[in-house]
Amino acid sequence: HHAPVTPSASAAWFCPMCPGVESDSPGDCPKCGMALERNPQAPGDVSAVSAESHALLRKLLFAAALALPVFILAMGEMIPGRHGRPLLPDPWSPWLQCLLASLTIFIPGRFLLVRAWNSLRHRSLNMFTLTSLGTLAAWTFSTAALLFPHLFPHSSHHGPALYFESAAVITAFVILGQWMESLARQRTGSAIAALMRLSAKSAHRLAPDGSESDVPIESVSVGDLLVVRPGETIPVDGALTTGSSSIDESMLTGEPIPVAKSPGDPVSGLSLIHISEPTRQAEI
């Protein structure tokens, strides 16, 4: 179990799994290998997150277009009615599988190998180390068996066993997983950014003499009395001291029905005063 990672306010990109890994530009975490996440609190353009998803989608489509023929060629003997005959006669099928699998691994799947290499350089093994080791082992064995068949035992009358389809399909599935993860991170980041835009930027602070002034959220401290009027967003977490109302907490809990609050009840920032009632105060 990992504790939540909180990035510094100046970090534009950070790794949610590895504390201390921060960057001013998008990239990969040198420890776990996953793509860095955009810090929703940092200013700047968030288009890089969307660009990453589009780039992974292009790699996925390219890898799928290459890996699918390899899979069909390798499994052609199992198609009903083929009676164990390959789709292409030897030696065309093995060499075509080798070509397509090599293109899959070293073009759209190149970034996976780079992440695996970085994990070795930083002595921090991760899933990219494992998947790259498996795909390269299958590709290396199959290529050697194709070039030097007399050095390998023959599993059938077609020659040594080849595993080009395993290497190509695994590469395509790993890219699929990275694309789905990128989409999830993009949607989560957009939701967090939208949630932060809804937060109040100032608060109505009540002075000891009864006067009221608008102050930035950053200047609110523990013990201050804040006035929240109907229709306004509660600026910070606190407790209700006077007044009563129903508060919309759907942004936090997902519950669409407003929750009745009375003096002494806790209130949370990003909640919304729902019913128009007299002025109420929250003490934090």
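The side chain of S142 reaches the backbone nitrogen of Y163 at 2.6 Å, a polar contact (N or O atoms within 3.5 Å, one able to donate a hydrogen and the other to accept it, with residues adjacent in sequence counting only if both atoms are side-chain atoms). The model is a predicted one, with local features needing pLDDT of at least 70 and side-chain atom pairs pLDDT 80 or more, while totals for chains, interfaces and linings use all residues. Residues are numbered from 1 along each chain as its sequence is written, and side-chain values use heavy atoms, leaving out hydrogens and water.

A polar side-chain atom of S142 also sits 2.8 Å from the backbone oxygen of A138. S142 is buried, at 0% relative accessible area (buried is under 20%, with a 1.4 Å probe and protein chains only). Leaving aside residues up to four places away in sequence, S142 touches L162, Y163 and F164 (heavy atoms within 4.5 Å).

S142 belongs to helix α4 (helices are DSSP runs of H or I, at least four residues, numbered from the N terminus). Other buried residues of α4 include F128, T129 and S132. At the start of α4, a side-chain oxygen of N126 comes to within 3.0 Å of the backbone nitrogen of F128.

Then there is the neighbouring helix. α3 (residues 110-121) packs on α4 at an angle of about 120 degrees, axes 8 Å apart (axes are lines fitted to C-alpha atoms over the stretch in contact, and angles run from 0 to 180 degrees between N-to-C directions). In α3, L112, L113, R115, A116, S119 and L120 meet F128, T129, S132 and L136 of α4.

Methods
Buried < 20%, exposed > 50% of the residue type's maximum accessible area, 1.4 Å probe, protein only. Helix = DSSP H or I, 4+ residues; strand = E, 2+ residues; numbered from the N terminus.
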